[in-house]
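Please look through the sequence and the model shown here, and then read the notes that follow.

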Amino acid sequence: MHTALPKETGETVDCLIVGAGPAGLTAAIYLARFHLTVLVLDDGRSRAGLIPQTRNHPGFPDGIAGSELLARMREQAERHGARLRAEKVLSLKTADGLLEGRTEDRAIQARTILLATGVLNRRPAMPNKIHDEALSRGLLRYCPICDGYEVTDLPIAVIGTGASALGEAEFLRSYTGDVTLIAPVGAHDLDAAQRARLEAAGIKMLDGPCLRYELKPKQIDVVLADGPHSFAAIYPALGTENRSELAAGIGVKVSEEGCLVVDSHQRTEIPGVYAAGDVVLGLDQISHAMGQGGVAATAIRNDLAARRPLYR
């Protein structure tokens with residue numbers, strides 16, 4: 001059986017995992033414990049790593065920083081034999097009945113590939129320094145499902161417009177009665193029915209543009225043409241960018257939303273290629289991504305066993 005670690009030479013690994021977020025690392029732990037050779041390549045852009053403190057992840061009643069959770073998972077995966085490298089995969093292809101991932105320096109052959117590349121949030125127009133400080137202080141939040149509870153009864157703003165932003169504002173309205181929807185650029189792109197929904201929910205509406213954001217000790221100010229408006233937190237509802245370009249390059253089916261299409265076992269249409277986590281259509285939550293990672297890893301193990309025995 002394939003118990004040795006992947007080498008820097010041309011050894012073929014049982015699974016190449018692209019992405020070291022919750023989905024990719026869960027799969028790495030499972031696969032390593034299946035005594036399979038696992039190589040995880042990651043470019044360091046997991047959204048989970050940006051979470052200052054998640055308090056809805058089961059098992060951590062006091063919360064845990066996303067970076068700490070990922071560090072624990074990396075240690076667990078490596079303890080069981082998975083190898084992790086900070087390296088960006090630039091392309092994928094099929095090669096002589098195997099799969100191949102290419103980085104800037106080398107090509108890695110693999111019997112299977114798991115894509116756990118995730119998505120990227122579109123950020124509001126603010127300098128990186130202000131963005132990162134606001135995020136660390138809980139003044140800027142990206143996930144109402146994760147942390148809406150933390151803004152209960154506080155004044156908050158949703159930055160965005162259109163149906164998606166309206167839906168996010170309505171969702172947050174169940175946590176607080178003080179919600180303002182702010183268009184990021186100019187006037188709101190909302191029809192009469194959508195404006196009526198805002199009014200019925202008691203959600204205030206302000207037109208942009210958002211000129212700048214100012215951080216105060218316990219609030220964040222959104223400066224509009226008429227001056228600053230203060231909030232305990234803001235939620236950007238500007239959409240996300242699915243990191244599906246690698247998969248699309250080898251013919252993996254991509255949905256209209258940009259998500260990778262998989263079956264109930266996280267298999268794509270391309271033999272040997274699997275996908276899990278936020279890059280797949282579903283609930284963008286750590287627990288959900290972990291579940292998909294476990295399902296994908298088990299399918300990978302069983303599919304490899306169907307090709308040849310995995311007896312020790």
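## The disulfide

A search of the whole structure finds one disulfide, where a disulfide is taken to be a pair of cysteine sulfur atoms within 2.5 Å. This is a predicted model, in which local features need pLDDT of at least 70 and side-chain atom pairs count only at pLDDT 80 or more, while totals for chains, interfaces and linings use all residues. Residues are numbered from 1 along each chain as its sequence is written, and side-chain values use heavy atoms, with hydrogens and water left out.

The disulfide is formed by Cys-143 and Cys-146, whose sulfur atoms are 2.3 Å apart, and it is right-handed because the torsion about the S-S bond is about 70 degrees. Cys-259, by contrast, is in no disulfide, since the nearest cysteine sulfur, that of Cys-143, is 15 Å away. Cys-143 is buried, with a relative accessible area of 18%, and Cys-259 also counts as buried at 7% (buried means under 20% relative accessible area, exposed over 50%, and partly exposed in between, with a 1.4 Å probe and protein chains only).

## Helix H8

Helix H8 covers residues 286-307, and its 22 residues should span 32 Å at 1.5 Å a residue, which agrees with the 32 Å between its end C-alpha atoms; the expected span is 1.5 Å times one less than the number of residues. Helices (H or I, at least four residues) and strands (E, at least two) are DSSP runs, numbered from the N terminus.

The buried residues of H8 include Ile-286, Met-290, Ala-297 and Leu-304. The buried residues of this helix pack against strands E1, E6 and E16 and helices H1 and H2, with contact meaning heavy atoms within 4.5 Å.

Glu-87 lies in the loop between strand E3 (83-86) and strand E4 (91-95), and counts as buried at 11% relative accessibility. Its side chain makes a polar contact of 2.8 Å with the side chain of Arg-85, and another of 2.8 Å joins the side chains of Glu-87 and Thr-103. A polar contact is a pair of N or O atoms within 3.5 Å; within protein, one must be able to donate a hydrogen and the other to accept it, and residues adjacent in sequence count only if both atoms are side-chain atoms.

His-229 is placed in strand E13 (residues 227-231), and a polar contact of 2.9 Å joins its side chain to that of Asp-226.

## Confidence

The mean pLDDT, the predictor's confidence in each residue from 0 to 100, is 93 for the protein. Over residues 1-9, however, pLDDT stays under 50. Where pLDDT is low, the predicted coordinates should not be read in detail.
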